[in-house]
Amino acid sequence: MGAQWKAKGKAQAADARGKLFGKLAKEIMVAARGGADPALNSRLRLVVEQARKVSMPKDTLERAIKKGTGIGGDAVNFEHVMYEGFAPHRVPVMVECLTDNVNRTAPEMRVLFRKGQLGTSGSVAWDFDHVGLIEAEPAATGADPELAAIEAGAQDFEAAGEDGVSLFITDPADLDLVSRALPAHGFTVLSAKLGYKPKNPVDPTSLSAEQLEEVEAFLAAIDANDDVQNMFVGLGS
């Protein structure tokens, strides 16, 4: 499962591109509050690089920066809200939302968590480490993720799965530094963001196939909510 839950299967791919652009646009707007120049705003630079790698149209990207900074009087303010709780079968989950209306998002989350359990602030966060998460793929054959992690200053790494993408885990303060260093050690950075890594993930083999399906259906329903940016799930790979 990894530190960040991702929808499985081809069926979800149909509108995935548009949804990805929407999420990235929100992140750009929020990051742009710290300044419109990516060279002087490391958080914005990381998101802009990610947007370019997935071929977000230039006008969409520039419009998001303008909205975030309020240039042209078209400012949009998103609030960052975390929801914590459990998916079915006591699988811990942290849901990161960016919303322009908490009064809309909060009741929607309560409804979505009915098949699990919505907790209070801190009820699940204690079981996660706040970390930097960098997804990267080898730029050349033979690139060693373990060696790259050590030399780039990452705390840990998860070797590539079927998609060929390795996950590098950093101290939150080192996210930008490590993402800049990885290309010199043979890896192309695909995304870099702050997130949460479970300390004691539930072993999926302890759940039946039917129980795992219930967990996946619960997570997919939450991920479909437009205000949800990321989900971090305490379920082992």
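Begin by selecting strand β2 (residues 91–99) together with β8 in this predicted model; these two strands pair in the antiparallel sense over 5 bridges. Within that pairing, pick out C97, whose bridge partner in β8 is V228.

From here, turn to the aromatic side chains, where the structure holds 3 aromatic pairs. Select F113 and F218 to see one of them: the ring centres lie 5.4 Å apart and the planes stand at 80 degrees, so this pair is edge-to-face. F113 belongs to the loop between α4 (102–112) and β3 (117–118), whereas F218 is in helix α7 (residues 209–223), and the pair thus links distant parts of the chain, 105 residues apart. F113 counts as buried at 2% relative accessibility, and F218 is also buried, with a relative accessible area of 4%.

Then move to F168 and F187, whose ring centres are 5.3 Å apart with planes at 75 degrees, so that this pair, too, is edge-to-face. Because F168 lies in strand β6 (residues 166–170) and F187 in strand β7 (residues 187–198), the pair ties together parts that are 19 residues apart in sequence. Both F168 and F187 are buried.

As a last stop, select R90 and F86: the charged end of R90 sits over the ring of F86, 3.8 Å from the ring's centre.

Terms used: Residues numbered from 1 in each chain as written. Predicted model: local features only at pLDDT ≥ 70, side-chain atom pairs only at ≥ 80, totals over all residues. Heavy atoms only, no water. Phe/Tyr/Trp six-rings, centres within 6.5 Å; stacked < 30°, edge-to-face > 60°. Helix = DSSP H or I, 4+ residues; strand = E, 2+ residues; numbered from the N terminus. Buried < 20%, exposed > 50% of the residue type's maximum accessible area, 1.4 Å probe, protein only. Lys NZ or Arg CZ within 6 Å of the ring centre and 35° of its normal. Pairing = 2+ DSSP bridges.
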